[in-house]
Amino acid sequence: MDKSEYNLKIEELKAAMHAHDFEKAVDVADSLDIKKIRDNNLLSLIADAYELTGDNEQAKKILLMAYENTNTGRQLAYRLCLISIKLKELDEANEFYQDFIEMAPRDTARYILRYRMAKAQGKPIEELINILEEYVNLDMEEKWAYELAKLYYKAGKKDKCLDICDEINLWFSEGKYVKKASDLKEKINNPKAAKIKKENLSL
């Protein structure tokens, strides 16, 4: 494949990803000699295509190639940790987690990795709660605040659940997780009211 053909393939891959045609993006990626690619942004994009089509093993292989190309790959370490968790390769996930916190000791994203690993390991709900409490105290992100609310609900800590639901409403005012928090609060305050969709309470 000459340079012009290679560049056309890359543009075709990017266009497919932009159009959310992930199967086509994978077809294009399969036609490339990925081992020769040194552009980590491109490798990450190709890994996205494989991950979004469910091929986590191939995505991980490509991320590892990118990881070996750089000495400052905290985002790659983060992604490799997450994908190792998906593959249930928890020892490797922990190795990438350690790499991540070594490169970014103050990055609050470490709590997300810790939580996902603990959840994958089937840790007690109190441990999961403790991790998310630390995270939410540092970075009030609505998705994870709602996840904490669900854990409180599951653990029978209704007062804490109501408090965090109120905080979500106060901080964010509107949006998907504000609605979910309001529904959860209604479930607690009015147990005979219309039931929340099952998936809203699933952990």
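## Lys88

Lys88 is exposed, at a relative accessible area of 71%; exposed here means over 50% relative accessible area, buried under 20%, and partly exposed in between, with a 1.4 Å probe and protein chains only. This is a predicted model, in which local features need pLDDT of at least 70 and side-chain atom pairs count only at pLDDT 80 or more, while totals for chains, interfaces and linings use all residues. Residues are numbered from 1 along each chain as its sequence is written, and side-chain values use heavy atoms, with hydrogens and water left out.

Lys88 lies in the loop between helix 5 (74–86) and helix 6 (90–103). Helices are DSSP runs of H or I with at least four residues, numbered from the N terminus. Although Lys88 is not a glycine, its phi is positive, at about 60°. Most residues other than glycine have a negative phi.

## Ser173

A positive phi, of about 65°, also occurs at Ser173, which is not a glycine. The loop that holds Ser173 runs between helix 10 (158–172) and helix 11 (176–189). With a relative accessibility of 57%, Ser173 is classed as exposed.

## Cysteines

A disulfide is defined as a pair of cysteine sulfur atoms within 2.5 Å. The count under this rule is zero disulfides. Cys161 accordingly takes part in no disulfide, and the nearest cysteine sulfur, belonging to Cys165, is 4.2 Å away.

Cys161 is buried, its relative accessible area being 0%. Cys81 counts as buried because its relative accessibility is 0%.

Methods
Helix = DSSP H or I, 4+ residues; strand = E, 2+ residues; numbered from the N terminus.
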